[in-house]
Amino acid sequence: MFYFFFELLGNKSSDPVVIWLTGGPGCSSPLALFHENGPFHIENNLSLSWNDYGWDTASNIIFVDQLTGTGFSYTTDPSDIRNDENGVSNDLYDFLQGFAIGNGLTQPDIQFKAYTDFALENKDWMRNSALGIPALLEDGIRLLTYAGEEDLICNWLGNSRWVNALAWSGKKKAFGEAPTVPFVVEGKKAGQLKLLSFLKVHNAGHFVPMDQPKAALTMLKSWLQGKLSLPGNLRLLF
């Protein structure tokens, strides 16, 4: 698989690593690298400029073209092309092991009614990926879900509902009773945070790091430092 890897400045073995997979699956990750949260932007004259809000300022970051056949992850063997989530996830797992070692929307009132029919006919695409999350929470793995408030296809309301519906021991007390507080960036309200942790980012669509780069980087830094769930630590100075 083709990838870009950017080290955090002053890289240490204890530094975190973010793996970025642009959606689909089947969308090339350089889309995010050059337009959202990578270290560079592409200017109109095709030159590169530094992105002051690149996530490489907070973490090591890997942008992967996956599944095989996406972007620069090419193959000449048709058997390498995957057609289900198991194959895609197994290939990505194998890639990470090796790395560690060495749609058009035209008429919504008609199209959105077809989502249920399509989901029933293509169960793999609409698989419930939340089923494995409660076990991770029970093991003490921290979870952050964020969504731009203007995103339609992966809208914040739907994301909030599946997070609230997760069946785990902390559902009622740790998350259910947790307050919703302002997410503040340099003195300005940039979103709403449900502690432990669901974040709705203001004035952002599907590409949050592109629409609100400063808020997205603040979110990442706070999360990696374990401060995002603490009401007194929502203001992060750069």
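Q: Where does Phe112 lie?
A: In this predicted model, Phe112 sits in the loop between helix H3 (108-111) and helix H4 (114-121). With a relative accessible area of 31%, Phe112 is partly exposed, and together with Tyr115, Leu152 and Ile153 it makes a nonpolar surface patch of about 350 Å².

Q: How should I read a sheet, and in what order do the strands E1, E5 and E2 stand?
A: Strands of a sheet pair through backbone hydrogen bonds, and they do this in either a parallel or an antiparallel way. Here three strands form an open sheet with mixed pairing, in the order E1-E5-E2. Strand E1 (3-6) and strand E2 (17-20) are the edge strands, each pairing on one side only, and neighbouring strands of this sheet are turned by 15 degrees against each other on average, with direction ignored. E1 pairs with strand E5 (residues 60-64) in the antiparallel sense over four bridges; in E5, Ile62 is the bridge partner of Phe5.

Q: Which strands of this sheet does helix H1 touch?
A: Helix H1 (residues 30-37) packs on the sheet and touches E1, E2 and E5, its direction making about 135 degrees with that of E5.

Q: How many of the eight residues of H1 are buried?
A: A general point for reading any helix is that an α-helix has 3.6 residues a turn, so residues three or four places apart point the same way. H1 itself is mostly covered, as six of its eight residues are buried: these are Pro30, Ala32, Leu33, Phe34, Glu36 and Asn37. The buried residues of H1 pack against E1, E2 and E5, and also against strand E3 (40-42), strand E4 (48-50) and helix H8 (208-211).

Q: In what order do the four strands E6, E7, E8 and E9 stand in their open sheet?
A: Their order is E6-E9-E8-E7, and the pairing is again mixed. Strand E6 (145-148) and strand E7 (180-185) stand at the edges with a single partner strand each, so one side of each is left without a neighbour in the sheet. E6 and strand E9 (residues 198-201) run parallel and are joined by four bridges, and the bridge partner of Thr145 in E9 is Phe198.

Q: Which strands does helix H6 lie across, and which does helix H9 lie across?
A: Helix H6 (residues 156-165) lies across E6 and E9, running at about 165 degrees to E6, whereas helix H9 (residues 213-224) lies across E6, E7, strand E8 (188-194) and E9, running at about 115 degrees to E7.

Q: How many salt bridges does the structure hold?
A: Side chains of opposite charge can pair when their charged atoms come close. The structure holds two salt bridges. In one of them, the side chains of Asp91 and Arg82 meet at 2.7 Å, N to O; Asp91 is buried, with a relative accessible area of 16%, while Arg82, at 28% relative accessibility, counts as partly exposed.

Q: Which residue forms a salt bridge with Lys214?
A: Lys214 forms a salt bridge with Glu186, and the closest N and O atoms are 3.0 Å apart. Lys214 lies in helix H9 and Glu186 in the loop between E7 and E8, so the pair ties together parts that are 28 residues apart in sequence. Lys214 counts as partly exposed at 28% relative accessibility, and Glu186 counts as partly exposed at 45%.

Methods
Residues numbered from 1 in each chain as written. Predicted model: local features only at pLDDT ≥ 70, side-chain atom pairs only at ≥ 80, totals over all residues. Heavy atoms only, no water. Pairing = 2+ DSSP bridges. Helix = DSSP H or I, 4+ residues; strand = E, 2+ residues; numbered from the N terminus. Axes fitted to C-alpha atoms, helices over the stretch in contact; angles between N-to-C directions. Contact = heavy atoms within 4.5 Å. Patch = residues over 30% accessible without salt bridge, like charges linked within 9 Å, V, L, I, M, F, W, Y side chains within 5 Å. Areas by Shrake-Rupley, 256 points an atom, 1.4 Å probe, with all protein chains shown as cover. Salt bridge = Lys/Arg side-chain N within 4 Å of Asp/Glu carboxyl O. Buried < 20%, exposed > 50% of the residue type's maximum accessible area, 1.4 Å probe, protein only.
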